[in-house]
Amino acid sequence: MTGVQDITSTSKSAAAIDKARAEGRAALIGYLPAGYPDVEQTIAAGIALAENGADLIEIGIPYSDPVMDGQVIQAATTEALAKGFHVRQVFDVVRAITSKTDAAVLVMTYWNPVIRMGVDEFSRRLAEAGGAGLITPDLIPDEAAEWMAASDKYGLDRVFLVAPSSSPERMKRTVDASRGFVYAVSIMGVTGARESVSSAAEGVVAAAHAAGAERVCVGLGVSNAGQVREIAAYADGVIVGTALVAAIRDGGVDAVAALTKDLSTGLTREEA
Amino acid sequence: MVRPMVDAPTTGSDEGAADAFLQGDRSLRHAPGPYFGSYGGRWMPESLIAALDELEDTFEKAKADPEFVAQIADLNKNYSGRPSLLTEAKRFAQHAGGVRVFLKREDLNHTGSHKINNVLGQALLAKRMGKTRVIAETGAGQHGVASATAAALLGLECVVYMGAEDTRRQALNVARMELLGATVIPVTSGSQTLKDAINEALRDWVANVGHTHYLLGTAAGAHPFPAMVRYFHEVIGEEARAQILDQAGRLPDAVCACIGGGSNAIGIFHGFLDDPSVKIYGFEAGGDGVDTGRHAATITLGKPGVLHGARSYLMQDDDGQTIESHSISAGLDYPGVGPEHSYLADIGRVTYEPITDSEAMDAFRLLCRTEGIIPAIESSHALAGAIKVGQRLAAEADAAGAGEAAGKASDKIVIVNLSGRGDKDVATAAEWFDLLDKNSAEAEIGKEGEQL
Ligand SMILES: Cc1ncc(COP(=O)(O)O)c(C=O)c1O
């Protein structure tokens, strides 16, 4: 029990979110898939994210069967795989970004690649590369016994997802199992830019807070500063994915830098 | 109620299971899930867990409701045409070592395969949950046609996801689904085949789960699907067991079925799981051969992993990326397999072996010529396997010599689950056997793909 407490106090994700909070704003979390358009540009774009206002960076592992992703991210990760991306390269990306920036760097991954490498081995290498932890879109706490043990052993954050459909019991269990922050899915759907942020998001955040979560970040469908501002009013962090992937696709690292700068203007909470 | 949140078993500690079973102190029937040994579970996005809970709850209540059970029995009898026959295949059997071969005729069901058993059950559950729309994935189109059929019968909206490659190769089945009122959506992501159709159906489900039921077509996926799909197919094994006792006066020596995701197989196996004298065989698609890399022999060559919601054997590379499968039979062309099969393989209760495309096609032709039955190419894998099993049983009987203890080959009995009929496969078979006029449209299409 005390071990867990110690780790919580050293959570890299929690520290990054708390730092933003101390500055009177929500944290900005940017997603990029590793190896798209290539590993060097992922690293450069990750650094650009951190230098232009992102507090946490989420590096996705391209996977053959990304059931929680919409078309933009699917197209990017399919291309990365076609170009020969290997899972172990994600550690190079994490190491390169953490060595150049202060941002907390998490890896977002579907679960089978982790199982294949071995949950312990994957965790050890992620920690060694300076990674903060894992975001796991298709792993629920019910199935996570091995990951709970490995993340404790290596001091990694485990970011589970909660959704508008989560029952109060599941909300509680997921919040209890998480460390660093809880990922609130804003909408019943997959990743992809949307015109407006679902009204369900605020309810999910409130339910997660009520279940005891200290830090709740909202993702899915957030693509512009206006939406960031809306979410920053009630959440501890805002996660942007598809819009950044479209930016690197269309304008490379410079476009990622410009979009991040713009998104970060929405983070400051207006005085009530 | 919410299902108790049990933690997943972390290791495969099932070594003693087969022994315990053989000593008679453990039944393998009616395994409830979510876990089958270390397989199964719910490796799914949180967004879908509430829907899986609702489905499980609805299913458990329905099973205990005599009205539901009667509804299924009535549809099976008066709509699907059950019980399906058990036909002795005497001329075919001469090629299987001279043992007795019986065919469980799922090919005679309405829509032409076992798939109807599952879709009627799930469509009724969808109605019980108040859902107005069903979605399904399909490879060759059999499950899509069955789903469209059940939706038409019960007044549900139906959307079928099908790999873009498959919609082209199975244009007639696309037309069948549309005639039945379904919408067919070609899937262009990933490898554009069955596994990608499942991915796309899951994406649809997450977004529309309030009014939509995902009518999964095989005994795979997240709990409760494997146990639930098996439940709707158990009728195959129950009938077959009673029929063989009636027709032959004893249990068979072996039961054979083909394995795609494993639904027809688990349905017939279930009837015999607790009969230690019955050997059980599952035949996977060996494609061009298991050493060519072009196959769908998931249990034979795969490694445990998670895909589409369950932990099970899986065709994957060293990075855990799913490997594309290959088979002449679209219905077996899937890189995963239902978790209960992985468990039955590990404990040694069921033996899984690969059958190549050409072995399956030889058996296909043999059944046509000896029995006047055109089997589905999927089912032809089971037939090819049964030939091998029959020959082995005959060899054993011979080796035992004149001593009557082991019995004669002609006393041995093998049951084959003939999961479907081959009407859908006529063009593929014609191409395979070179029966097409070189300039015909069919020959043209046939060149482009393995499945017409
Ligand atoms: C006739 C037939 N048999 C077998 C299968 C394989 O599926 P399963 O392994 O779930 O029975 C299919 C699938 O399309 C089929 O159409």
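1. The model is a predicted one, and the remarks below concern its computed geometry. The side chain of Asp253(B) forms a salt bridge with that of Arg250(B), at a nitrogen-to-oxygen distance of 2.8 Å.

2. A second salt bridge of chain B links the side chains of Arg82(B) and Glu106(B), with 2.7 Å from N to O. Arg82(B) is in the loop between α3 (66-80) and β3 (86-88), whereas Glu106(B) is in the loop between β4 (100-105) and α5 (115-128), so the pair ties together parts of chain B that are 24 residues apart in sequence. Arg82(B) and Glu106(B) are both buried.

3. In chain A, the side chains of Arg95(A) and Asp92(A) form a salt bridge of 3.8 Å, N to O. The two residues are three positions apart in helix α5 (residues 89-100) of chain A, which means that about one helical turn separates them. Arg95(A) has a relative accessible area of 37% and is partly exposed; Asp92(A), at 40% relative accessibility, is also classed as partly exposed.

4. Salt bridges in chain A also form a network, whose linked residues are Asp18(A), Arg21(A), Glu214(A), Arg215(A) and Asp236(A). Over all chains, the count of salt bridges comes to 47.

5. Contact between the chains involves 41 residues of chain B and 39 residues of chain A. The area buried between them is about 3300 Å², and carbon and sulfur atoms contribute 51% of that area.

6. Two salt bridges are found across the interface of chain B and chain A. Glu46(B) and Arg170(A) are joined through their side chains by a salt bridge with an N to O distance of 3.1 Å.

7. Which elements of chain B supply at least two residues each to the side that touches chain A? They are β2 (39-43), α2 (49-63), α9 (194-208) and β11 (303-307). The largest share comes from α9(B), with eight residues. By residue class, the side of chain B that touches chain A comprises 17 nonpolar, eleven polar and 13 charged residues.

8. Strands β2(B) and β11(B) also belong to an open, four-stranded sheet of chain B, which has antiparallel pairing and the order β1-β2-β12-β11. β1 (35-36) and β11 of chain B stand at its edges; each has a single partner strand, and one side of each is therefore left without a neighbour in the sheet. β1(B) and β2(B) run antiparallel and are joined by two bridges. Within this part of the sheet, Phe36(B) is opposite Tyr39(B) of β2(B).

9. His223(B) lies in the loop between β8 (212-214) and α10 (225-248) of chain B. Is His223(B) buried or exposed? Its relative accessibility is 4%, below the 20% limit, so His223(B) counts as buried. The side chain of His223(B) makes a polar contact of 2.9 Å with the side chain of Glu56(B).

Technical notes: Residues are numbered from 1 along each chain as its sequence is written. Chains are lettered from A and ligands numbered from 1 in the order in which they are written. This is a predicted model: local features need pLDDT of at least 70, side-chain atom pairs count only at pLDDT 80 or more; totals for chains, interfaces and linings use all residues. Side-chain values use heavy atoms; hydrogens and water are left out. Contact means heavy atoms within 4.5 Å. Buried area is the accessible area (1.4 Å probe) that two parts lose on being put together, summed over both. A salt bridge is a side-chain nitrogen of Lys or Arg within 4 Å of a carboxyl oxygen of Asp or Glu. Ala, Val, Leu, Ile, Met, Phe, Trp, Tyr, Cys and Pro count as nonpolar, Asp, Glu, Lys and Arg as charged, and the others, Gly among them, as polar. Two strands pair if DSSP finds at least two bridges between them. Buried means under 20% relative accessible area, exposed over 50%, partly exposed in between (1.4 Å probe, protein chains only). A polar contact is a pair of N or O atoms within 3.5 Å; within protein, one must be able to donate a hydrogen and the other to accept it, and residues adjacent in sequence count only if both atoms are side-chain atoms.
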